[in-house]
Amino acid sequence: MSFELSLPTHPSATSSAPYLASFVSPPSRGGCAPFGGTNVVLSIGSNASLFSHLPDPKSNNAYELVFILKYVFRNNTHEHFKYFEQYIDIMQYIVNATFLINTIKTNIGIIESIELNTIQNVIEEVETELGIGIKNEMNIKISTVRDKKYKIKIPKSKQRMLSFTDLKLLGIAYERKKSCILVTDDKQLRTIAKHFQIHSYTTPLFIAFMIKNNLISKDKGISFLSTLKEYYIRPKDVVIILNRIKKWR
Amino acid sequence: MSENINVTLPDNIAKYLHTKSRLEYLPMSAVARKYIAKSVVEEMVLEYYRQGFSITKLAEIADIPIGRVMEILRKMDEHLEDIEDELIEIESKK
């Protein structure tokens with residue numbers, strides 16, 4: 001089998017190319033075509049051979065690995081991917097209600113191409129707000145993360161300024177900070193996330209990230225941002241990002 | 001829970017409320033309540049936001065939808081200070 005992949009690089013990760021090469025290239029594991037930049041052509045002999053060469057789950061590279069495997073197994077059964085998720089216990093994009101409301105409101109299919117992660121509270125908030133069932137009625141791939149006690153220690157003075165949902169999201173993002181991006185348009189939430197070294201993007205920045213990593217086309221991103229500008233909380237941000245994106249090749 | 005508050009309004013405002021009350025087929029007190037609630041909620045959201053409250057917390061406190069909070073905050077016309085740096089980082093990570 002061979003797959004052509006376009007890999008987004010996690011903001012906190014260094015280049016994944018040498019690592020990926022070492023992981024998939026030896027002929028005994030199936031072989032890998034030469035690649036440069038973020039475009040990878042991966043060939044694997046059998047699924048089983050990959051299972052025996054998993055990287056350290058705590059490393060940044062685990063993020064790229066899961067991303068590859070999602071593509072690899074997209075046409076295979078869901079069970080394969082479940083195996084890796086359990087092993088690595090990793091997430092990619094953790095979103096809150098502000099992001100979902102903004103993207104759903106624009107009515108431009110921008111998030112269908114990626115898999116999002118969130119918590120049940122966020123799903124309920126958005127469903128109440130928009131009066132639609134996100135999981136059942138919309139074509140969005142969104143997983144809910146199971147609830148547990150998180151280790152993040154936020155000062156009480158800050159805690160009172162955050163909702164229960166915010167605290168839970170921060171807890172999840174903190175535990176997976178090396179392998180996730182928290183997507184929120186809440187400035188205060190971002191400030192606290194940054195304090196705990198959690199990587200965070202606002203909706204327009206996330207769109208720029210998606211374009212840059214070939215997750216969506218430039219035209220689609222521009223069309224989305226042009227619509228978003230009309231009601232976004234900080235329209236000046238959208239204008240700055242739009243102008244910059246238009247200059248990208 | 002609700003509380004009765006007697007207020008004295010300037011003539012021009014009272015006159016406007018009378019007109020609105022006739023047009024909307026509502027008692028004048030209902031029209032006045034609507035306007036007061038709207039302004040107080042907006043004021044409250046902006047004030048708490050400046051203090052550092054998050055959007056979902058503000059929605060909880062003011063008992064309004066998250067979308068409405070974002071709509072109110074849009075009036076502040078602010079922008080992220082680190083947006084240029086973030087963009088440079090995104091561009092360099094490609």
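Helices here are DSSP runs of H or I with at least four residues, strands are runs of E with at least two, and both are numbered from the N terminus. The model is predicted, so I noted that local features need pLDDT of at least 70 and side-chain atom pairs pLDDT 80 or more, while totals for chains, interfaces and linings use all residues. Residues are numbered from 1 along each chain as its sequence is written, with chains lettered from A and ligands numbered from 1 in the order in which they are written.

The axes of helix 2 (residues 28–51) and helix 3 of chain B come within 10 Å and cross at roughly 145°. Axes are lines fitted to C-alpha atoms, for helices over the stretch in contact, and angles run from 0 to 180 degrees between N-to-C directions. Helix 2 of chain B brings Val41(B), Met44(B), Val45(B), Tyr48(B) and Tyr49(B) to the contact, and helix 3 of chain B brings Leu58(B), Ile61(B) and Ala62(B). Contact means C-beta atoms, placed from the backbone, within 7 Å. By class I found 8 nonpolar, no polar and no charged residues. Nonpolar covers Ala, Val, Leu, Ile, Met, Phe, Trp, Tyr, Cys and Pro; charged covers Asp, Glu, Lys and Arg; the others, Gly among them, are polar.

**Chain A overall**

I read 13 helices and 7 strands in chain A. Of its 249 residues, 37% count as buried (20 or more other C-beta atoms within 10 Å of its own; 12 or fewer is exposed, in between is partly exposed).

**Where chain A touches chain B**

The contact takes 27 residues from chain A and 24 residues from chain B. Helix 13 of chain A gives the most to the chain A side, with 5 residues. That side has 12 nonpolar, 6 polar and 9 charged residues.

**Helices 12 and 13 of chain A**

Helix 12 (residues 218–228) and helix 13 of chain A pack at an angle of about 160°, with axes 10 Å apart. The two are therefore roughly antiparallel (over 145 degrees; under 35 is roughly parallel, 65 to 115 roughly perpendicular, the rest oblique). Their crossing is left-handed. Among the residues that meet are Ile222(A) and Leu225(A) of helix 12 and Ile241(A) and Leu242(A) of helix 13. The contact divides into 7 nonpolar, 2 polar and 2 charged residues.

**Helix 11 of chain A and what follows**

How many residues of helix 11 of chain A are buried? I read 10 of its 10. The buried residues include Phe206(A), Phe209(A) and Met210(A). What covers them includes helix 5, helix 12 and helix 13 of chain A, together with helix 5 (83–93) of chain B. Just after helix 11, Asn214(A) takes a positive phi of about 60°. Leu215(A) sits in the loop between helix 11 and helix 12 of chain A. Leu215(A) is partly exposed, with 18 other C-beta atoms within 10 Å. Its C-alpha atom is 6.9 Å from that of Ser113(A), 102 residues apart along the chain.

**Helix 9 of chain A**

Helix 9 of chain A has 12 residues and reaches 17 Å from first C-alpha to last, close to the expected 16 Å (1.5 Å times one less than the number of residues). Its buried residues include Leu169(A), Leu170(A) and Ile172(A). The buried residues of helix 9 pack against elements including helix 6 and helix 10 of chain A and helix 3 (55–62) of chain B.

How values were computed. Two residues are in contact if their C-beta atoms, placed from the backbone, lie within 7 Å. A crossing is left-handed if the near helix is turned anticlockwise from the far one by less than a right angle, and right-handed if clockwise.
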